[in-house]
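Please keep the sequence and the model at hand while reading.

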Amino acid sequence: MHTFDLSMEHITKIEGNASIKLKVENGKVTDVKFATEEYKRFFTEAMKGKSLSAIPAHLARICGTCSNSHIMCSIEACENALGIIPSTQTKILRSIMMHGLMIRDHALHLYLFSMPDIFGKDAFLDFDESDPIQHQLLHDGFDVKSAGNFLATLIAGRSVHATLPTIGGFLKSPDKAGVTEAIEKLKNIRPAVLRLIEIFKSAPFHFDRKTKYIALVPKDTFGYINGNLETSSGEKFEEKDFRSHLEQTVIPYSQAIGYTYQGEGYMVGSLARINLAKDKLHPKTLESAAEVLELFPSTDIFYNNLAQAIEILHSIDESIDLLSNNKFVKEDVVKTDIAKTAPGTTGIGVIEAPRGTLYHKIVLGEDGKAASGEVIVPTGQNQINIERDVGVLVQKLLDESNSSQADLDKNQVAFEIEKLVRAYDPCMSCAAHFLKVEWEEK
Amino acid sequence: MQNEEKIKIGWFSFSCCEDNTVVMTEVLNDHWQEWKKIFDFRHVRVLKSKNIFDDFDIAFIEGAVASPKQEEEIRDIRNRSKKLVAVGSCAVVGLPAGQRNTFDEEQNQHISFLVTKFGASPKVKKVSEVVKVDAEIPGCPMSPEVFLEKVNALVSELYPDLISNHNS
């Protein structure tokens, strides 16, 4: 019977720094610890006393790859606190900004992090250019990433730590030439994304288990900003009420905090979104991905990759429509007199970031500045499931090894763990850096 | 070019949001074919699993230095690297990762147990407070253009023949 400790100090090809510590005694997994190794940077403590106009850019620095979703969520929280209603054009530009983020961020995860596992390669750059399929995928990967980067930069000024979105609107509207170029680039990458969907549909990795999932489900078109929170067990609740549904769990060995729903771990992210709202995808996406969408709803965590690929397609189709059917004009930013907003006023922002539901809360102080706030990130919500799944996975490998009398290859165990963790697409920069605070609704 | 003849690159992230890592992967969109020929991405965790930690021609350090353990790691990287480049605001000036350095007494009371519990240093440092830095690329995140400019300058300095042969 196997007895060993497995310590993986740095899980690779994920965003940030995570570790796994695993204990096996007499053929049974007795302990699993999935932890972030990032040091806290105390963003929610540091936001106290800052002007509201500085808060979105401040909280964006929690995480590079998710930065534009933190900006979006923080703007929503601040606008809700101040009673600002953005213009129709602003709402459209924000939707496109999120589509650009999804294309860029999902493409980074799917091509550079996850795809090498399918092809038995260590790195995406190791793909063989003399092999027609691998050659095509190399070019596809960088072209798709590049188009997402272009779209995000056009609308938001930068694809990382955007400079144009602000409370009340955008500092600049996209120019016509940029819009035309973006449409062209998006049309050009669509065939590549159909190939991407095919790759992840036929990927040989599966890990199925029961779990609840939660996502923000829009009323009409599939998107990442509006809607109500829905769960796989049929419950619905409004954004402002989320705190009475999520329970905070301190994970003593990690610099992050976990969350449960009705006392159990749950999952957020692309898989949750496609499971709960696939019928609301763009008509062209529904048509092109009709067969693959039959696989959802699913609780196979490796289909999170497939769901991300489908979301890229939707974001392309939706962005092409939004860019083609709207004329963008110079607009003033909507402003309000912060001094007239009562101290203690609270604003909640809830959006779907690439890795799942993101919550921002801001409380205004006496002087119209931020008195306090809190941020709940997707990886914090997925953390409990990740840990549990790693334990189940390793137990399965141990049982297979025991029944076949084959030696257990620890390198293979480590690889299988990494692959599973990667399917969750965790973001450890986001997961750390928060100070646990007691959060009481007033 | 054989792998052993390529320029050995290390990319290391410390206390930060890893925005520069994302920008680097976006710069790859336009330069991957050229870089694949001349760079050996020897230790770049965002790109690969089988990382080799031996010697580097150019080591890029992203992030501020938040603990004695990180200080030790950066000194080790310095000793193995011909050139060490501090990348992005947290590495170059220590902020925003080191924002707790300026917290007031009340804020420090809120965070001190966590600073101690996870073995962080009392003060977060910029990279040049720990080791000699050969080049700095500021910005939050770094500008792709400045990054390319610095990379090309370092490659030309270290391996002038390689660049002229590669371009010819």
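**A glutamine in a helix of chain A**

A:Gln134 belongs to helix α5 of chain A, which spans residues 132-156; helices (H or I, at least four residues) and strands (E, at least two) are DSSP runs, numbered from the N terminus. The model is predicted, so local features need pLDDT of at least 70 and side-chain atom pairs count only at pLDDT 80 or more, while totals for chains, interfaces and linings use all residues. Residues are numbered from 1 along each chain as its sequence is written, chains are lettered from A and ligands numbered from 1 in the order in which they are written, and side-chain values use heavy atoms, with hydrogens and water left out.

A:Gln134 counts as buried because its relative accessibility is 10%; buried means under 20% relative accessible area, exposed over 50%, and partly exposed in between (1.4 Å probe, protein chains only). The side chain of A:Gln134 reaches the backbone nitrogen of A:Asp128 at 2.7 Å. Apart from neighbours within four places in sequence, A:Gln134 is in contact (heavy atoms within 4.5 Å) with A:Phe119, A:Lys121, A:Phe127 and A:Asp128.

**A lysine in a loop**

A:Lys172 is found in the loop between β5 (169-170) and α6 (176-201) of chain A. A:Lys172 counts as exposed because its relative accessibility is 53%. The C-alpha atoms of A:Lys172 and A:Val329 are 9.0 Å apart, although 157 residues separate the two along the chain.

**The interface of chains A and B**

The size of an interface is often given as the accessible area lost when the parts come together. Chain B and chain A bury about 3900 Å² between them, with 58% of it on carbon and sulfur atoms; buried area is the accessible area (1.4 Å probe) that two parts lose on being put together, summed over both. In chain B, the residues that lose the most area to chain A are B:Trp32, B:Arg45 and B:Phe118, together 16% of what that side buries. The contacts join 44 residues of chain B to 49 residues of chain A.

Three salt bridges (a side-chain nitrogen of Lys or Arg within 4 Å of a carboxyl oxygen of Asp or Glu) are found across the interface of chain B and chain A. A:Arg104 and B:Glu26 meet through their side chains in a salt bridge, at 3.9 Å from N to O. On the side of chain B that touches chain A, the elements giving two or more residues are α1 (19-38), α2 (68-80) and α4 (105-117) of chain B. The most comes from α1(B), with ten residues.

Key:
A polar contact is a pair of N or O atoms within 3.5 Å; within protein, one must be able to donate a hydrogen and the other to accept it, and residues adjacent in sequence count only if both atoms are side-chain atoms.
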